[in-house]
Amino acid sequence: MKPENEAQVLKYYDKYRDTVYKLAWSYCRNKAQAEDVFQDVFYRYMRYMPFFRDEGHAKAWFIRTTINTSKNLLKLKWNRDRVPFEENMTDTFLNPEEQEYVILQQAILALPDKYRTPIHLYYYEEYTVREIAHILHRSETSVQTQLQRGREKIRRFLEEKGVTYENES
């Protein structure tokens with residue numbers, strides 16, 4: 001690899017490694033699979049070295065590639081027989097605040113992809129509705145509706161678990 005390409009790969013690796021891993025984990029719900037997706041995304045970047053108009057385009061490429069790679073991995077037959085996230089969680093030794101965080105994560109992970117992805121991009125990656133619509137190739141109205149419905153599903157999940165829900169204003 002040329003030195004200038006190596007520097008560019010390291011730049012994007014440092015900048016987007018957390019985003020790629022967290023998004024892969026939110027889809028796969030499994031550390032090993034999230035790591036596989038993570039490696040595949042950066043391998044694809046190194047192999048193809050796509051041109052990015054700006055940083056927003058670069059971040060969108062890494063997010064879209066992570067989503068697609070995760071979905072492809074989850075389609076594989078051997079992947080259908082995995083243990084759900086909730087069965088892997090043990091909150092016996094957590095304090096109440098940590099337990100609420102675990103329950104919130106369970107609520108988010110329980111969402112269907114069409115709600116979970118916009119929620120993740122909006123709250124964790126801090127994208128605007130317009131940017132999410134562009135990344136996911138959906139209308140802004142559709143993204144707003146998915147965010148609203150996703151929040152409602154999370155609220156109901158939290159209420160069922162006895163966690164107080166603070167409405168965002």
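Is Glu140 buried, partly exposed or exposed? At 33% relative accessibility, Glu140 is partly exposed (buried is under 20% relative accessible area, exposed over 50%, partly exposed in between, with a 1.4 Å probe and protein chains only).

This is a predicted model, in which local features need pLDDT of at least 70 and side-chain atom pairs count only at pLDDT 80 or more, while totals for chains, interfaces and linings use all residues. Residues are numbered from 1 along each chain as its sequence is written, and side-chain values use heavy atoms, with hydrogens and water left out.

**Stop 1: Arg130 and Glu140.** Select both side chains; they form a salt bridge, 3.1 Å from N to O (a side-chain nitrogen of Lys or Arg within 4 Å of a carboxyl oxygen of Asp or Glu). Arg130 lies in helix 7 (residues 129–136) and Glu140 in helix 8 (residues 140–160), so the bridge ties together parts 10 residues apart in sequence. Helices are DSSP runs (H or I, at least four residues), numbered from the N terminus. Arg130 is exposed, at 59% relative accessibility.

**Stop 2: Glu152 and Arg156.** Stay in helix 8, where these two residues are 4 apart, about one turn of the helix. Arg156 is partly exposed at 40%, and Glu152 is partly exposed at 29%.

**Stop 3: Lys15 and Glu55.** Select this pair next; the closest N and O atoms of the salt bridge are 3.2 Å apart. The bridge links distant parts of the chain, with Lys15 in helix 1 (residues 3–28) and Glu55 in helix 3 (residues 55–75), 40 residues apart. Lys15 has a relative accessible area of 45% and is partly exposed; Glu55, at 30%, is also partly exposed.

The structure holds 10 salt bridges.
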